[in-house]
Amino acid sequence: MALPLDSTLAALSELQAQPLSIIRLSESISSTTDQPINNPNARTSDISNSALTTEDPSQPTPASLAADLSHYRELFSKLRFSYLEQVTKEKFLRAIVGDPPLIVENAENVELEQQLGEIKAVLKMQKEGVQRLVEELKARG
């Protein structure tokens, strides 16, 4: 009986040695395979390696930087969604296993929906203001 227990513990410790992650932010779109990720001297964000100081064609261009930006925005959006999903699950589980369990009434939901509508209206006005400022800054050049 000790043999299966030992092998199970060994398998579990082996699995725990591997890093876990929700979303892996590995390499950027424009990075090449000959640049090791863990080598800080090979980073393209280092000013000594920037496109301003060398004429290397593997250096980032404005188009590749735009692609990287959109790629990372998408990744962070997915990460944000995943984080919010996990937080919501945790709150739900805490609410149902709490002592006493949290019971929400319909009146509370209606009140919260009204508050949410007001907050969304304020947020929309603020976003429109930011959009106007961005357009104004773009017009100035």
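**Figure 1. Overall view of the predicted protein chain.** Of the 141 residues of the protein chain, 7% count as buried, where buried means under 20% relative accessible area, exposed over 50%, and partly exposed in between, with a 1.4 Å probe and protein chains only. The structure is a predicted model, in which local features need pLDDT of at least 70 and side-chain atom pairs count only at pLDDT 80 or more, while totals for chains, interfaces and linings use all residues. Residues are numbered from 1 along each chain as its sequence is written, and side-chain values use heavy atoms, with hydrogens and water left out. The protein chain contains three helices and zero strands, and its elements run α-α-α from the N terminus on; helices (H or I, at least four residues) and strands (E, at least two) are DSSP runs, numbered from the N terminus. The accessible surface of the protein chain comes to about 12800 Å², of which carbon and sulfur atoms hold 61%; accessible areas come from the Shrake-Rupley method with a 1.4 Å probe, and for residues only the protein chains shown count as cover. Among contacts with a separation of 6 or more, 50% are accounted for by residues 24 or more positions apart, a contact being heavy atoms within 4.5 Å.

**Figure 2. Confidence along the protein chain.** The mean pLDDT of the protein chain is 79, and 70% of its residues reach 70 or more; pLDDT is the predictor's confidence in each residue, from 0 to 100. Among the elements, α3 has the highest mean pLDDT (96) and α1 the lowest (74). Over residues 23-30 pLDDT stays under 50, and the model has 16 contacts beyond four places in sequence for this stretch. Residues 32-36 also have pLDDT below 50, with three contacts in the model beyond near neighbours in sequence.

**Figure 3. Nonpolar patch with leucine side chains.** Leu5, Leu9, Leu12 and Leu15 make a nonpolar surface patch of about 400 Å². Patches are made of residues with over 30% relative accessible area and no salt bridge, like charges being joined within 9 Å and nonpolar side chains (Val, Leu, Ile, Met, Phe, Trp, Tyr) within 5 Å. Leu15 is found in helix α1, which comprises residues 2-16. With 52% relative accessibility, Leu15 counts as exposed. An α-helix has 3.6 residues a turn, so residues three or four places apart point the same way.

Figure 4. Ser64, Asp68, Leu75, Ser82 and Ala95 are buried in α2. A search of the whole structure finds three salt bridges, each defined as a side-chain nitrogen of Lys or Arg within 4 Å of a carboxyl oxygen of Asp or Glu. One of them joins Lys78 and Glu74, whose closest N and O atoms are 3.3 Å apart. Both Lys78 and Glu74 lie in helix α2, four residues apart, about one turn of the helix. Lys78 is partly exposed, with a relative accessible area of 44%, and Glu74 is likewise partly exposed at 46% relative accessibility. The side chains of Glu90 and Arg94 meet in another salt bridge, at 2.9 Å from N to O. Because Glu90 and Arg94 are four residues apart in helix α2, about one helical turn separates them. Glu90 counts as partly exposed at 41% relative accessibility, whereas Arg94 counts as exposed at 57%.

**Figure 5. Loop between α2 and α3.** Pro100 lies in the loop that separates α2 (62-97) from α3 (106-140). A cis peptide bond, with omega of about -5°, joins Asp99 and Pro100.

**Figure 6. Helix α3 and the residue that follows.** At 1.5 Å a residue, the 35 residues of α3 should span 51 Å, in agreement with the 51 Å between its end C-alpha atoms. The side chains of Arg140 and Glu136 meet in a salt bridge, with 3.1 Å from N to O. Arg140 and Glu136 both lie in helix α3, where they are four residues apart, about one turn of the helix. Arg140 counts as exposed at 65% relative accessibility, while Glu136 is partly exposed, with a relative accessible area of 41%. Just after α3, Gly141 takes a positive phi of about 90°.

Key:
Expected span 1.5 Å × (residues − 1).
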